[in-house]
Amino acid sequence: MTTSYDVVVIGSGVGGMGTASRLTAAGYKVLVLEKMPIVGGRFATQEYKGFKLSTGAEALECGGALEESFQILGVPFDVRVPNPDIMYRIGEREFELPPGGGGLSRMLSFVGKPGEGDKVMAAIKRGLQWEEPSKSISLKDWVAQYTSDPDIHGFFQVFCAAIFAINAHEATAWTFIRFIKAMGGKIVHGFVPGGPSVLMDSLAKGIKDKGGDVWTKARVQRIQVEDGVVRGVTVEKAGDVVEIAARAVVSNAGPKKTVQLAGRDNFDRAYLRLMDEQLRPAPSVVVYVSSDRPLMEHQGVLMPVGARRACYILTPTILCPELAPRGRHLMVSFSAFGDSL
């Protein structure tokens, strides 16, 4: 069996589905291939005793590239936005991160001893304007050049672990500055009332309605490459092997899996060395706690500065009671390991 598409996208995670939505909107005939029985990857729903648990991400970033993926296909982006959104807990005090720009500067004015946050903020402003940090220095070591205040270091640790799922001593200062520059301080979170799969299934339907296809339980065996040019993929689906011709293949399966599928001989040696030596995992631990009442009052994300492992805690059922059985609540604690290896 042989068929053809303009573009094949491997993996139906947020990256793959976002890519497919843009290509579909641009008029390309797109096929998304997913080995699991549901779409969404690390943003899908696993039901357990009446609770709708996420397979990965808990809160969505609204107003950015993800929401745009829905808008360009005319698909509803059904999320509920907490108010207030992000709160930081420092000791017995809680501070709201204000929406829009200036939130980081305000937080650093609250954290640590007077004046210490100003030193770091001045360095951040220089980094955003003209003096980016070296790619070889960690965020922790970079901040240590300006202050030794433990609360300020605790703030950057919890921020880094929550955003990147790795610690401040593992992420580079350059990555942090680039992230702040790209986001502009405008991070707004949202929760999906019916669970992540509701949103991703809606996006899959939007792709199909515009002429594309989304196959689940479809395992890619090989990316076909001839003379350095991608020709398509070989897929196993329902016991059959299908050859799919394509003008381009986009892989959302990760660098190592992509190289395995396409063959190492088809990649530059410098790229392979970079992948082999520097690609590191970003593992995390998510703990779900069921209760008969909310265990915290805050609607959105609570980030505990100074915690050893937990980098954010939230109770999505305050806004979205549909995620739990009637009369029950769900608290989620997200933590990073002490070392990502």
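At 27% relative accessibility, Ile318 counts as partly exposed, a class that lies between buried (under 20% relative accessible area) and exposed (over 50%), judged with a 1.4 Å probe and protein chains only. Ile318 sits in the loop that runs between strand S15 (310-314) and S16, where strands (E, at least two residues) and helices (H or I, at least four) are DSSP runs numbered from the N terminus. Although Ile318 and Arg293 are 25 residues apart in sequence, their C-alpha atoms are 9.4 Å apart in space.

This is a predicted model, in which local features need pLDDT of at least 70 and side-chain atom pairs count only at pLDDT 80 or more, while totals for chains, interfaces and linings use all residues. Residues are numbered from 1 along each chain as its sequence is written, and side-chain values use heavy atoms, with hydrogens and water left out.

## A nonpolar surface patch

Val285, Val287 and Phe337 together form a nonpolar patch on the surface, and their accessible area comes to about 230 Å². Accessible areas come from the Shrake-Rupley method with a 1.4 Å probe, and for residues only the protein chains shown count as cover. Phe337, which is placed in the segment after strand S16 (329-336), counts as partly exposed because its relative accessibility is 39%.

## Cavity and pocket

The structure holds one cavity of 30 Å³ or more, and the largest cavity has a volume of about 100 Å³. On a 1 Å grid over the protein atoms alone, a cavity is a set of points where a 1.4 Å probe fits but cannot get out, a pocket is an open set with protein on both sides within 12 Å along at least five of seven lines, and lining residues have an atom within 4 Å of a point. Grid points are joined across faces, edges and corners, and a volume is the space filled by probe spheres set on the points. Among the residues that line the largest cavity are Phe43, Lys52, Glu58, Phe191 and Leu330. By class, this lining has eight nonpolar, two polar and two charged residues, where Ala, Val, Leu, Ile, Met, Phe, Trp, Tyr, Cys and Pro count as nonpolar, Asp, Glu, Lys and Arg as charged, and the others, Gly among them, as polar.

The second largest pocket contains about 470 Å³ of space. It is lined by 17 residues, of which Glu170, Thr172, Gln278, Leu279 and Arg280 are the closest to its centre. Helix H10 (residues 269-278) supplies the largest share of this lining, with four residues, and the lining as a whole divides into 10 nonpolar, four polar and three charged residues.

## Backbone features in loops

A cis peptide bond, with omega of about 0 degrees, joins Asn83 and Pro84, and Pro84 belongs to the loop between helix H2 (65-71) and strand S6 (86-90).

Ala165, in the loop between helix H6 (150-164) and helix H7 (173-183), has a positive phi near 65 degrees although it is not glycine; with a relative accessible area of 15%, Ala165 is buried. Asp227 also has a positive phi, near 55 degrees, and lies in the loop between strand S10 (218-226) and strand S11 (229-237), where Asp227 counts as exposed because its relative accessibility is 81%.

Terms used: Patches are made of residues with over 30% relative accessible area and no salt bridge: like charges are joined within 9 Å, nonpolar side chains (Val, Leu, Ile, Met, Phe, Trp, Tyr) within 5 Å. A salt bridge is a side-chain nitrogen of Lys or Arg within 4 Å of a carboxyl oxygen of Asp or Glu.
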